[in-house]
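Reader: I would like to learn how to read a protein structure. Could we go through one together, feature by feature?

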Amino acid sequence: MSNRLEALRVFFTAADAINFREAAVRLSVSPQVVTRAVRELEEELGEPLFHRSTRGVQLTDFGRQLAERARVAVGGVDELFHRIDRRALSQHTGTVRVTAPHVYARLIPQALAPLLAQHPGLVLDLRLSEQHADVVDQQIDLGVRVGPMRDARFVARGVGKMSLCVVGSPALIERVGAPRTVDALSGLPVTALIDHSSGRPWPWAFSKKRVFTVSSPAFVTDNIDAECAAVLAGIGFGQLIGPLAQPWLQSGALVEVLAAEAPEPWPIHVYRPQRAPVPARVRLVYDELVRVLRA
């Protein structure tokens, strides 16, 4: 019997039985299978496991010690593959690594907090970046992407759209005036957000596929929160994403300009790589992210 695990199962069943025939009945095999498994174990271990006589068989001291250890070892392996335990392990225990733009730094932890409370063994690993993550190298389970999904390797669900708007503080507008056209931006103080992949400022997008290249910014950063803070402080006009600008627009701390020139909103997707099988914990977080971001 080449399967050592099965041989140990046969052995400790025989150790608990009156004889090999009874062990065979318990295991639904022939007595010859039990005899062969015990003999192969004895040959491999170099120790007799049973004392044999005309009256029957009796465990040796070595056999008794091995039987105790075999029960523990085989029982531990069986527990790993028990269906209920496996479902609990996959659903409630383990890390789910999520990548998302920085704008979701607060929203995702807040949205998933109830789910994490329900499943104490579930760990959220959130990686924030405006760059598209390499899902293989970075071992990403799920992602949130703003913009079109062109990669067929992903399973993706649209959850909404994200607008872009050019905004400035009331103090800035009072000081320099509001731009009436896209071209007028070149003569006004503006902020620039650095694209990490190119090292250059992101161009501003407008309707009809027009772009404004930021060439002489009054403030430069690689962090969207810092850019928002600079716009709030009146350093310059900035093109901010809707979720970042909206609270300040509602409070009056920022004013939207060039609204008629705004580009089409970008689609937002929750995606996961097409890896099978999908762990239940990953599917759980994926479905919850879709639900909360659609709300």
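This is a predicted model: local features need pLDDT of at least 70, side-chain atom pairs count only at pLDDT 80 or more; totals for chains, interfaces and linings use all residues.

Reader: Is K209 buried or exposed?

Author: The general idea is a pair of cut-offs: under 20% relative accessible area is buried, over 50% is exposed, and in between is partly exposed. K209 has a relative accessible area of 82%, so it is exposed.

Reader: Which class does S207 belong to?

Author: S207 also has its place in the loop between β9 and β10. With a relative accessible area of 17%, however, S207 is buried. Leaving aside neighbours within four places in sequence, S207 is in contact with A260, E261, A262 and P263.

Reader: Let me move to the loop between α2 and α3. What is the phi of S28?

Author: The phi of S28 is near 60 degrees, a positive value in a residue other than glycine. S28 is found in that loop between α2 and α3, and its 67% relative accessibility means S28 counts as exposed. S30 has its place in the loop between α2 and α3 too, but at 31% relative accessibility S30 counts as partly exposed.

Reader: Now for the helices themselves. At what angle do α2 and α3 cross?

Author: Helix α2 (residues 20–27) and helix α3 (residues 31–45) cross at roughly 110 degrees, and their axes come within 8 Å. Angles of 65 to 115 degrees count as roughly perpendicular, so α2 is roughly perpendicular to α3. On the α2 side of the contact are F20, R21, A23, A24 and L27, which meet P31, V34, T35 and V38 in α3. Sorted by class, this contact has 7 nonpolar, 1 polar and 1 charged residues.

Reader: How are α6 and α10 placed relative to each other?

Author: Helix α6 (residues 107–118) and helix α10 (residues 280–294) pack at about 120 degrees, with axes 10 Å apart. These two helices, α6 and α10, are therefore oblique to each other. The crossing of α6 and α10 is right-handed.

Reader: Which residues in α6 and α10 meet?

Author: From α6 come L107, I108, A111, L112 and L115; from α10 come L284, V285, E288, L289, V292 and L293. The residues of this contact divide into 10 nonpolar, no polar and 1 charged.

Reader: Which residues touch the most other members of the largest nonpolar core?

Author: To read a core, look for buried nonpolar residues joined through their side chains. The largest nonpolar core has 37 residues, and those touching the most other members are Y104, L142, V144, V270, V285, L289 and L293. Helix α10 supplies the largest share of this core, with 7 residues.

Reader: What does L289 touch?

Author: Not counting residues up to four places away in sequence, L289 touches V98, I108, L112, L142, V144 and V270. There is also a second, separate core of 22 residues, including A7, A15, A23 and L59.

Definitions and conventions: Residues are numbered from 1 along each chain as its sequence is written. Side-chain values use heavy atoms; hydrogens and water are left out. Axes are lines fitted to C-alpha atoms, for helices over the stretch in contact, and angles run from 0 to 180 degrees between N-to-C directions. Helices (H or I, at least four residues) and strands (E, at least two) are DSSP runs, numbered from the N terminus. Angles under 35 degrees count as roughly parallel, over 145 as roughly antiparallel, 65 to 115 as roughly perpendicular and the rest as oblique. A crossing is left-handed if the near helix is turned anticlockwise from the far one by less than a right angle, and right-handed if clockwise. Contact means heavy atoms within 4.5 Å. Ala, Val, Leu, Ile, Met, Phe, Trp, Tyr, Cys and Pro count as nonpolar, Asp, Glu, Lys and Arg as charged, and the others, Gly among them, as polar. A nonpolar core is a set of buried Ala, Val, Leu, Ile, Met, Phe, Trp, Tyr and Cys residues joined through side-chain atoms within 4.5 Å. Buried means under 20% relative accessible area, exposed over 50%, partly exposed in between (1.4 Å probe, protein chains only).
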